[in-house]
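Reader: I'm new to this one and would like to go through it piece by piece. Could you show it to me before I start asking?

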Amino acid sequence: MGKQQKQLRLGAFLPGAGQHVAAWRHPQAQSHGALNFEHYKQIAQTAERGKFDAFFLADGLALQHRPGAEGRTAFGGDFEPVTLFSALSAVTEKIGFIATASTTYEDPYILARKFASLDHISGGRAGWNVVTTGSSEAAGNFGLEAHPIHAERYIRAHEFIDVVKGLWDSWEDDAFVRDKETAFYYDPNKIHQLNHKGRFFSVRGPLNIARPPQGYPVIVQAGSSEDGKELAGKTAEVIFTAQQTLEDAQAFYADVKGRLAKYGRTPDQLKVMPGVFPVVGLTEADAKAKYQELQDLIHPQVGLALLQGLIGTDLSAYPLDEPLPDLPETNDNKSRQALLIDIARKHNFTIRELYQWIAGARGHWTIIGTPVQIADQLESWFVNDAADGFNIMPPYLPGGLDDFVDLVIPELQRRGLFRTEYEGTTLRENLGLSRPVNQFQQVLAAV
């Protein structure tokens, strides 16, 4: 029997009405999707029918209130993702749930408890997308005068993750005996205090919930700056990245995989999953028409506001039909700013052309075509060491997800590139990631 073909991983990034900045205006989109549980239930079950590894949600801690676009964007009425995923886990069976939470503005103890709870409620299907929060607008919501600088946010993130993992290890896996005869609910010898004292945090522990079913919820990371890649090399098990070309994706893939060895990790312990914005048509002309329909719905003020938010600079004083000016380095989304400047320079885009370019994918890879054409391009990146899988970003919902599940996934399955059934019941099992050993047990075993 021959060696089984390696298979790619797929996440479904499914916000409200969809990924395109004008998605909520699409005639077939759920304009109120961001606060409609029945809508989320439908798309979660569709993604599970498509055998996606996980449902991914980004999250912000401030209203994206851009001058000039007040009231015109679909940002401002979203569920908190862990709360939403707790409910969705009750109406699904196998798909994982990756929720975004900030190491800059959240508290390690509360976050550890929240994600452990989601992992227990879902039967081992939780993932934590670690972010340092790119938007400076969050600072005022947490009593700060200014957003912490980029490097400082990442130093804090390293310590934050260590604390959270230590708290998840508070209890050994078999600590809760619940023996009615002996009257021992748990074994006191199998509980551990963290007693962490560091630069940013002082946390005693233990966590007041049993160790998560997966040991740790899957650790996901989305930063692509130098600091972000180093954090991923040390801690991430999945990295969500934005790349535009095969060559750039291969370079990023080799870079982050090359950082693992110094942390005692192997390449298969980190899955690299670039974002992909697929517009699927039965013909290429049909796909292009679908894309143009969305592009025509972009209000100029909304397009400019989106670009300004991602690039970290006020562009309102510059003509829309002139090239992007030279920009100062931002303290917000550093890696995204660098990517967008590079795109503008390579294509000689005006400001208007740049915001039109990013209106759907915000710097991620856009593929417009038939199911075969889309599968061809995904396969090319996958087999040429540019990706272990992809985070699929449907243009509008539910139709964009339906198109991918009904048309592209069968083509990937026909090629043997994607599962026809889930391999396991936990997110770790389906991603091919091992379950971490409790660090306190490791220490005791070494004594």
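Reader: Thanks! Which residues in α4 meet α5?

Author: Keep in mind that this is a predicted model. Helix α4 covers residues 150-168 and helix α5 covers residues 226-235. On the α5 side, the contact is made by Asp227, Gly228, Glu230, Leu231, Lys234 and Thr235. Facing them from α4 are His150, Ala151, Tyr154, Ala157, His158, Ile161, Asp162 and Lys165.

Reader: Is α4 roughly parallel or roughly antiparallel to α5?

Author: Their axes are 10 Å apart, and the packing angle is about 15°. Angles under 35 degrees count as roughly parallel. So α4 and α5 are roughly parallel.

Reader: And what handedness does the crossing of α4 and α5 have?

Author: The contact of these two helices has five nonpolar, four polar and five charged residues. As for the crossing of α4 and α5, the hand is right-handed.

Reader: Moving on to β8, which residue there is the bridge partner of Gln221?

Author: Strand β7, residues 218-221, runs parallel to β8 and is joined to it by two bridges. In β8, residues 238-241, both faces are covered, with Val238 and Phe240 buried on one side and Ile239 and Thr241 buried on the other. The partner of Gln221 in that strand is Ile239.

Methods
Residues numbered from 1 in each chain as written. Predicted model: local features only at pLDDT ≥ 70, side-chain atom pairs only at ≥ 80, totals over all residues. Heavy atoms only, no water. Axes fitted to C-alpha atoms, helices over the stretch in contact; angles between N-to-C directions. Helix = DSSP H or I, 4+ residues; strand = E, 2+ residues; numbered from the N terminus. Parallel < 35°, antiparallel > 145°, perpendicular 65-115°, else oblique. Left-handed = near helix turned anticlockwise from the far one by under 90°. Contact = heavy atoms within 4.5 Å. Nonpolar A, V, L, I, M, F, W, Y, C, P; charged D, E, K, R; others polar. Buried < 20%, exposed > 50% of the residue type's maximum accessible area, 1.4 Å probe, protein only. Pairing = 2+ DSSP bridges.
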